[in-house]
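My notes follow, entry by entry.

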Amino acid sequence: MKSTTMYLTFTTKRKHAFINITQDVRKVVEESKISEGICLVNAMHITASVFINDDERGLHEDFEKWLEDLAPHSPTEHYKHNDTGEDNADAHLKRQIMGREVIVAITNAKLDFGPWEQIFYGEFDGQRNKRVLVKVIGE
Amino acid sequence: MKSTTMYLTFTTKRKHAFINITQDVRKVVEESKISEGICLVNAMHITASVFINDDERGLHEDFEKWLEDLAPHSPTEHYKHNDTGEDNADAHLKRQIMGREVIVAITNAKLDFGPWEQIFYGEFDGQRNKRVLVKVIGE
Amino acid sequence: MKSTTMYLTFTTKRKHAFINITQDVRKVVEESKISEGICLVNAMHITASVFINDDERGLHEDFEKWLEDLAPHSPTEHYKHNDTGEDNADAHLKRQIMGREVIVAITNAKLDFGPWEQIFYGEFDGQRNKRVLVKVIGE
């Protein structure tokens, strides 16, 4: 069994962002020289997500609005977590909806994807360095 | 390390459906001859889910109603994504709640399941060919 | 490829609980002698979750309240599933939000974690024996 581990770092300009990281992951898979196996991609911070969905700007606006409805940022004093001095309780909740990680099959040395699958980093409390782990295992 | 990859295709009669695919996955695991490892099962389309829960018709009706409350289909013009000509923005959202994939342990050549665990394909925008990937890796 | 499989059992005093199981998982990883690979941790029951987030009591109260808003326990007759004699339909829904499983990279014989990542068992219908599976594969 072979394995390759890489860390990607993101510093978003805004608090919230969706970034297409498919090419970054593809590069790690190529460098791994693994032709059959799996690829784990996970946020290493607990106010961010990695998920697979459509690379369509309108949909991302829909996600943003929907997540704000389901887990609103304000009023910040609504959340016990924010009594610690943080104001990011909502980001911890949003990350549960969108998920921490994805696992993608590697077949014939490629991400084994359906026609529209793209991997995104979802940031809900950005403007600082945050990491994503990519690990490929297989042969 | 050995691996086996299979693709299942589903064409649902209705837009929404929950289909128990446990037997299909079990068959792939048996054919893989892998006794210790893991099995990845993921929707290859971004308006569908794979998840593990109970095979109980009433619960599936509850899921359906609950998802419609959390991410309603109508009014379709409520969603920016639908400006592209699609009407399935809600399906992209529902899929995030229910998840894209599951990973099941393979122990002693079997799906290592608790008493009630069953694998479902969740369709939120059906009536066309859509695929599920099953990949088993291990030894 | 090596593998190790362990089962953890939890019996919570209350119906709902969040239990930090990071040390339990770490112990399994150490015993596995695997230095590069992945670790799967999943609830074996369908009214419980395994997830990664912050070990902060206030946040756990926020999760509890938020999940009760999104998938309320009462009125229990609101759910078809409860016509079977159960009263735990809401627990099946809550588990979908929080997730069934996590996959953690093993690098240099350790859980390859960001600074705040901790693994939790989330119980939504407790007061009875329930199991979590931990499987490590790699080399």
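**A sheet in chain B**

I began with chain B, where three strands form an open sheet in the order 2-7-4, with antiparallel pairing. Strands here are DSSP runs (E, at least two residues) and helices are too (H or I, at least four residues), numbered from the N terminus; two strands pair if DSSP finds at least two bridges between them. This is a predicted model, so I kept in mind that local features need pLDDT of at least 70 and side-chain atom pairs count only at pLDDT 80 or more, while totals for chains, interfaces and linings use all residues. Residues are numbered from 1 along each chain as its sequence is written, and chains are lettered from A and ligands numbered from 1 in the order in which they are written.

Which strands are at the edges of the sheet? I found strand 2 (17-20) and strand 4 (48-53) of chain B there, each pairing on one side only. Strand 4 of chain B is joined to strand 7 (residues 118-123) by six bridges, and I noted B:Phe120 in strand 7 as the bridge partner of B:Phe51.

**Chain C against chain A**

The copies use different surfaces, as 15% of the contact residues of chain C recur in chain A.

I then looked at the contact (C-beta atoms, placed from the backbone, within 7 Å). It takes 27 residues from chain C and 26 residues from chain A. On the side of chain C that touches chain A, helix 2 of chain C gives the largest share, five residues.

**Helix 3 of chain C**

How many residues of helix 3 of chain C are buried? I got 10 of its 10, counting a residue as buried if 20 or more other C-beta atoms lie within 10 Å of its own. Among them are C:Asp90, C:Lys94 and C:Arg95. C:Gly99 follows the helix with a positive phi, near 95 degrees.

Beyond four places in sequence, A:Ile38 is in contact with residues including A:Ile103, B:Leu40 and B:Ile137.

Note on methods. Contact = placed C-beta atoms within 7 Å. Buried ≥ 20, exposed ≤ 12 C-beta atoms within 10 Å, placed from the backbone.
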